Amino acid sequence: MAIILTIETTCDETAAALVTDDLEVLSSVVASQDKLHRRYGGVVPEAASRVHLEQILPVIDTVFHESGVSLSSIDAVAVANMPGLAGSLLIGLSAAKALAVSLRKPLIAINHLQAHIYACKISSGEDPFPCLGLIISGGHTSLYFCEDAINFVFVGGTIDDAVGEAFDKVATMLNLPYPGGPSIQKAAVNGNPKAYNFPRSLLNEHERMGFSFSGLKTAVRYCLVGQGKDVDPAAVSAKLSEAAVADIAASFQAAAVDVLVGKTLQAMLRSKVKTLCVGGGVAANSSFRAKIQKAMQENNYRLFIAPTNLCTDNAIMGAIAIERYKKALFEPLDLDVFPGLIR
Ligand code: KG4
Ligand code: ZN
């Protein structure tokens, strides 16, 4: 049995896990930075990397301690080195290199987006490939043709904001705490999703495999402040009743989910595969989960979507490293970070 240490520091979660080559999870720790970034309504990259630096060694220590596995008995060190925030990625990569060199173990690179899709395989125990992969997170809204776990071909993506970013920014406008996704979901429970008819960008452009969320974000802003340029939307929503905020949250969520589900269905209809895998923090959204399930069921497509704790950033999904371990796809110690999206 091979044991791999996986490290994840692409954005604002410091995470590590110990996984085996038969996808057993021996231990997993996620140290969140939500409280810190709540103060600013979003992730502050410089602050995120400093907190990763403080948390990384205790987090790694804890996965060894909790599993009873000794440092010397692991077979490889794997780390997400793309895409993500440069400063955050560097902390995880430096820790991984230090461990790999001192323990004389191979170093494995993890593509964070591929790991999000791999979470579907880990949680289902089934092999979903080939499939279409939808990644919806704070930094990405992209569709890929996933030939297997590590060979992805870009199909389409957002032309402006990521959907998670739209959730986070709209939450800030509504005075709801960071991260915005769970806050909007909670507020939306008591709201009317039809109270406002927010735009569903690109939904009627069936041939265009892309997403757009900046218009939706702006529509929420205009709904709060009109055309007033110098008015703070959060100051306006502070004066609104809870019910009024709930209506805006529910209407925004309905528009975002309609676009995600609608555009994904269009992509499935054009694709040769009949399986969809969804990953990323926004895949934790309960309204999205219900609607994508319905849409896939109605069209006889197979849907894989991980449980919510495996949708948001974690190191268990880093078990994708096993695919590279089995093929001896190891990295030299001058491995770099790649913050941008490589298509
Ligand atoms: O995958 P993730 O943890 O980190 C990135 O790789 O970006 O995704 C974080 C994003 C945030 O924008 C957060 O607001 C959103 O996922 N999110 C949600 C929910 N839970 C997290 N969005 C909508 N509904 C949720 N329940
Ligand atoms: Zn992520």
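**The zinc site and its surroundings**

Mentor: Three residues coordinate the zinc ion (ligand 2), namely His112 (NE2), His116 (NE2) and Asp313 (OD), at 2.0 to 2.1 Å. Donors here are N, O and S atoms within 2.8 Å of the metal (3.2 Å for Na, K and Ca), and water is not among the atoms, so sites may look incomplete. Keep in mind that this is a predicted model: local features need pLDDT of at least 70, side-chain atom pairs count only at pLDDT 80 or more, while totals for chains, interfaces and linings use all residues. Side-chain values use heavy atoms, with hydrogens and water left out; residues are numbered from 1 along each chain as its sequence is written, chains are lettered from A and ligands numbered from 1 in the order in which they are written.

Along the sequence, the zinc donors follow the spacing H-x3-H-x196-D. His112 and His116 both belong to helix 4 (residues 112-124), four residues apart, about one turn of the helix. Helices are DSSP runs (H or I, at least four residues) and strands likewise (E, at least two), numbered from the N terminus. Both histidines, His112 and His116, are buried, meaning under 20% relative accessible area, with exposed over 50% and partly exposed in between (1.4 Å probe, protein chains only).

Now for ligand 1. It has 21 residues around it, the closest being Gly138, Asp168, Gly181, Gln185 and Asp313; the cut-off is a heavy atom within 4 Å. Another oxygen contact, at 3.5 Å, goes to a polar backbone atom of Gly139. On the nitrogen side, a ligand 1 atom is 3.0 Å from an N or O atom in the side chain of Asn285.

Asp168, one of those closest residues, leads us to helix 5 (residues 163-173), which is mostly covered, with eight of its eleven residues buried. Asp168 is among the buried ones, as are Phe167 and Val170. The buried residues of helix 5 pack against strand 6 (131-136), strand 7 (141-146), helix 6 (180-188), helix 7 (214-225), helix 8 (233-237) and helix 9, where contact means heavy atoms within 4.5 Å. Phe252 touches Ala166, Phe167 and Val170, including among its other partners Ile184 and Phe198. After helix 5 comes Asn175, whose phi is positive, near 60°.

Key:
Polar contact = N/O pair within 3.5 Å; in protein donor to acceptor, adjacent residues only side chain to side chain. Lists of a residue's contacts leave out its neighbours within four places in sequence.
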